[in-house]
Amino acid sequence: MAYLCPDNMADAFAALERGCVSVIAGGTDWFPQAGEVLPKVSLLDVTGLPGFRGISRVPGGWRLGAVTRWSDVVGADLPAAFDGLKAAAREVGSLQIQNAGTLAGNLCNASPAADGMPPLLCLGAEVELVSRRGLRWLALAEFVTGVRRTARAADELVSAVFVPDLAAGTVAGFRKLGARRYLVISIAMVAASLRVEAGRIVDARVAVGACSPVARRLSVLEARLEGLSVGAVLPVDVASLAGLAPIADVRGSGEYRLEAVVEMVSRLLGDLVAQGVRANG
Amino acid sequence: MDNFRAIADVGFVLNGSAVRVAPERGERLSYALRERLGAREVKIGCNAGDCGACSVLVEGDVVCACLMAAHQAAGKRVETVRGLLDGAQGRALVASFQDHQAAQCGVCTPGMMVSAVALLRDVPQPDAGQVQDALGGVLCRCTGYRKIIDAVVAAGSGAAAPAVSGGVGVAMRRLDGLAKVEGREAFGDDVAPEGALVVKVIRSPHPRAGFVFGDLETFIAGLPGVDCVLTAADVPGRNVFGVIPAFVDQPVFAEAEARFRGEAIAAVVGSAEVMAAFDPASFPVTWQVLPSVQTVAEALAEGAPLLHAGRAGNLMCGGFVKRGDADAALKRADVVVEARFESGFVEHAYIEPEAGFAQVVDGRVEIYACTQAPVMDLDSMAEILAMPREAIRIVPTAVGGGFGSKLDISVQPFVALAALKTGKPVRMTYSRAESMQSTTKRHPSAIHLRIGATQDGRLSGMRFEGDFNTGAYASWGPTVANRVPVHASGPYLVPDYLAQSRAIHTHCPSSGAFRGFGVPQSAIAQESLFDALADKLGMDALEFRLLNALDNGEPTVCGQVFAQGVGIKACLQALQPAWETGKAEVAAFNAKNKGLRRGVGIASGWYGCGNTSLPNPSTIKAGLRPDGGVVLHQGAMDIGQGSNTVIAQIFATALGADVRDLLLVGSDTDVTPDAGKTSASRQTFVSGNAARLAGISLRAMILERCNAAVDAVLRFDVGVVEVTDGAGVHRVELADLPQDAEGYVMRAEERYDPPTLPLDANGQGSPYAQFGYAAHLVVVEVDLKLGLVKPLRFVAAHDVGRAINPLLVEGQVQGGIAQGLGMALTEEYLPGRTENLHDYLIPTIGDVPPIETLIIEEADAHGPYGAKGLGEHVLIPTAPAILNAIRHATGVAMTRVPATPSRVRAALKEAGYE
């Protein structure tokens, strides 16, 4: 058992193949889950791997390296479509967590309340996986398959998140509902993005976290929104949340969560429509 | 062959110096810094990134050292608070944190300081909002955060407070503040000698379970580095402890059956290295899960399992106060209101988990641990160890918050038994989960209350019934049961009153002492119904309270009459301006807003200082050395509230010396007399009086030497006391005077015990020598659709008799309000579900709004210089004031705390809100 901190992919793959390793990046989920006892496995630290950190412009979109930290996201110069992701980044735990926690770590941890999921779902993000077999990309919704479950194979690592370009004029936002101001695990959270063209809502995307095993887009609502006049009443109701199945726990009842989502989505969309009107007429 | 880098040795730069360590895989940076590099200023509160106490800078970025693998520091620049003190930001913060008393217990302070330095480097002159964002990751349980915000803003703006020092009434810095701010304060986990063994406790994972050990010999033999296992069989004395003699019932190690989840059944002692990898789940024990009772209703049900023989129906005890005829008065009342109220377990959530170590020195056992009650610890340990008291020494460390829970023993028996069995120093630190599972909680309550009033607004009958879930063992449950009926009337004239309480055992953690001993729960019921009553009468809520508020010369519900010092009216009157502007403000806001509604609420509170009708003495000793040094032996445990400073200020005034000239000796059962426990708001009052008497006594000895006048001025110089009076300057030469065994040429030791009288069968008598009084006002904003309640500002009026140190008064008030806010809105401990600081939600720096403190000084005849206790009072009115404000905003009365968003929203819907 050892602490492995490879600086090249070949060593990383070898470590994975050896088995009995646990992948660690920012540590912000790894350590709380490890508890008070030293682990009986080797640790594979992926923070030193080439190309794993940083945000770069690539053909057709943006590449966010797997171990890009939340504070990197906050500080990056990115189009307005990323405003939801940035807002989510600022709401992750605390500065301490934002300075250590990573994008891919958040996705691989596969918590129903992962802060990165709703905005990345709205961005149409794809997860880049690397192994000796090469690279493959999975839509984010296909990557996270359940509570604490992902489609990452045992010999793979998440190397980046790819975000395809969104049309200019896209505005985006994020709201998190918690019982206190900082260090919040959300009761519910919503992300949305849209454009306003010729007085109508175009390409509206809405995603909700902490209300289903995996955060998800609201396809019924998105369809209702498409082409809607900006002056129209926003068609957000419980029926438009099809697919959500919030549980009741210490943070709130399932009924409360659904109602809160309706309200949060309405408020966020209202703000985004106004913003979209200003941006695009 | 592995061709990747397997790192063993890690080098980095710590506070400017190159260091190398060889951590285990998966070892936290916080552990490496503390245990391998001696950086004990890095505090560990949760090991989960929830509290931020371990914050350090890595390459200038603030991170939690508990969430970073030590290996990840390789090649990096790591800074702890000790490395930041000499920088411009560090220097400014050190001064400003002291000026504002931004540190109380001091255990979160290193994390706050580190986060603040990172902020000031980026934003040299931050505003309050920027400070909140930057410090949002560090939890504080003492201060209520406002002083911290003020201190960081002031450090940025360069505003310096004038340095003041002196005796009674001076808003001076804490005498022990510098060490806290610089991270030098030594808490329970900071004092163990290098190489000390570690003891870990095996705890029940079930609320109730029988258990049988496997082969312990084989287990020990199979784990090299493990020294021994401890079980009930290893307890040489009585395997039982407790705090109320008639109710002592808790085993150190359960025998045959565990009565709550988290109860200790055994302990394993071994080297630090081995114990770091030891998994308690590997311990050889077989559990037999048994039916348990979790709630009062379950515990009272027919056929419910009994927790303790001799406590039929799981009823531990009750309390009773009767005055006049409540039922008759309710019958003749013009209006009557009644309701049921519920509250859950509340966790103390101090940032320092229980910790300490023990060693055997010359056949005596010495226990160094965080505690609120060193002499009670000694009493318990003498029984458990079957050792004479003289053979035990309790040396309290600094205490990183207590709030009542550290009155009970925790690590003490484990480390002491282990040290005695192994002959080596043994240390122990509770994990956060262990601390939350196994230590005491605030009692959950179920209260039924009826109150009547006549048309003229006068109270006419009050009937209170309260059931309290006291958990598996007695702890301070009897105190809660006794105190509640005495206090449940609130500070009002209630001639016809009946109150009864019951403490019921369940298979839950023991409920014990927590700031207010049950009074915060009863105040929620009483103060909430007062608003309902005022409404029904068509009266203003403040006017109604003023009309009924207790006055000098009027009897309490116990029939006790105070001729002076009843300050509740003054507190309520002080709130009048804020009440009027508050009402106008929220009306204007509500006229313009739909989704958000604001309300203003008030509530009162009172609390009798010291033990209820029981002896409650404190002793303070002081000595004058031949070199002119005045030594104050100050045994009143400072758990952050400030007794180290307050007691010294009182003593200095009584003696006529400058407080800065005193040499302070802290609590240590070998050298400092018993100043009682730090609880029940008694230290300023009781120990303060002992300090005053000691000061007067020492002063008299000095004056007697030179026959000086009583109003003479003393000046302590090297080897001499200069005494100046109308007749001139007298010099009392000290060098030639005979010294006593402790090397003092003069020595004063004084005891004070507050005058109380027993309560009779109807709870009539004089339970306390003094009460303190309080009234809080809060403005809240309710988000109607989301059920979110946001307090916007508080105004708190407190009658403290005499503010010994006004800055400390403000600190207590703000910290108490933060805890009351948590109790009202977010905090609920659910055994097995919220055993960490991310599911159990205490307020963060963004949740406590500005707090204005109005200090009322209705001098008390018994208090030192008129002073009254304050520690509990600060929390009591907060929660009901918030509930009343919610009601004012929405018309909806919340009867269950915490009023979480989900519960508030449900109540709003039920009341017909969309």
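Among contacts in chain B of this predicted model between residues at least 6 apart in sequence, 79% join residues at least 24 apart. Chain B contains 23 helices and 33 strands. Its radius of gyration is 28 Å, close to the 29 Å that the globule rule gives for 914 residues, so chain B is as compact as a globular protein of that length. Along the principal axes, the C-alpha atoms of chain B fill a box of roughly 85 × 80 × 60 Å. Of the 914 residues of this chain, 64% count as buried.

## Contact between the chains

The contact between the two chains takes 46 residues from chain A and 54 residues from chain B. On the side of chain A that touches chain B, the elements that give two or more residues are β1 (3-4), α1 (9-18), α2 (30-34), β3 (42-45), α5 (95-98) and α10 (254-280) of chain A. The largest share of that side, four residues, comes from α10(A). By class, the residues of the side of chain A that touches chain B divide into 28 nonpolar, ten polar and eight charged.

One residue in contact with chain B can be described individually. A:Ala179 lies in the loop between β11 and β12 of chain A. Leaving aside neighbours within four places in sequence, A:Ala179 is in contact with A:Ile187 and, from chain B, with B:Thr826, B:Leu841, B:Thr900 and B:Pro901. A:Ala179 counts as buried because 24 other C-beta atoms lie within 10 Å, where the cut-off for a buried residue is 20 or more. A:Ala179 and A:Phe82 are 97 residues apart in sequence, and their C-alpha atoms are 26 Å apart in space.

## Backbone features in loops

A:Leu183 lies in the loop between β11 (171-177) and β12 (188-197) of chain A. Its phi is near 55 degrees, a positive value in a residue other than glycine. In chain B, B:Ala680 also has a positive phi, of about 55 degrees, although it is not a glycine. The place of B:Ala680 is in the loop between β25 (662-665) and α20 (683-706) of chain B.

A cis peptide bond joins B:Val897 and B:Pro898, with omega about 0 degrees. B:Pro898 lies in the loop between β33 (896-897) and α23 (901-910) of chain B.

## A helix pair in chain B

Two packed helices are described by the angle between their axes and the distance between the axes. Helix α5 (residues 128-135) and helix α6 (residues 146-157) of chain B pack at an angle of about 115 degrees, and their axes are 9 Å apart. The angle therefore makes α5(B) roughly perpendicular to α6(B). The crossing of α5(B) and α6(B) is right-handed.

From α5(B), the residues B:Ala128, B:Val131, B:Gln132 and B:Leu135 meet B:Ile148, B:Ile149, B:Val152 and B:Val153 of α6(B). By class, the contact of α5(B) with α6(B) has seven nonpolar residues, one polar residue and no charged residues.

Note on methods
Residues numbered from 1 in each chain as written. Chains lettered and ligands numbered in written order. Predicted model: local features only at pLDDT ≥ 70, side-chain atom pairs only at ≥ 80, totals over all residues. Rg over C-alpha atoms; globule rule 2.2 N^0.38 Å. Buried ≥ 20, exposed ≤ 12 C-beta atoms within 10 Å, placed from the backbone. Contact = placed C-beta atoms within 7 Å. Nonpolar A, V, L, I, M, F, W, Y, C, P; charged D, E, K, R; others polar. Axes fitted to C-alpha atoms, helices over the stretch in contact; angles between N-to-C directions. Parallel < 35°, antiparallel > 145°, perpendicular 65-115°, else oblique. Left-handed = near helix turned anticlockwise from the far one by under 90°.
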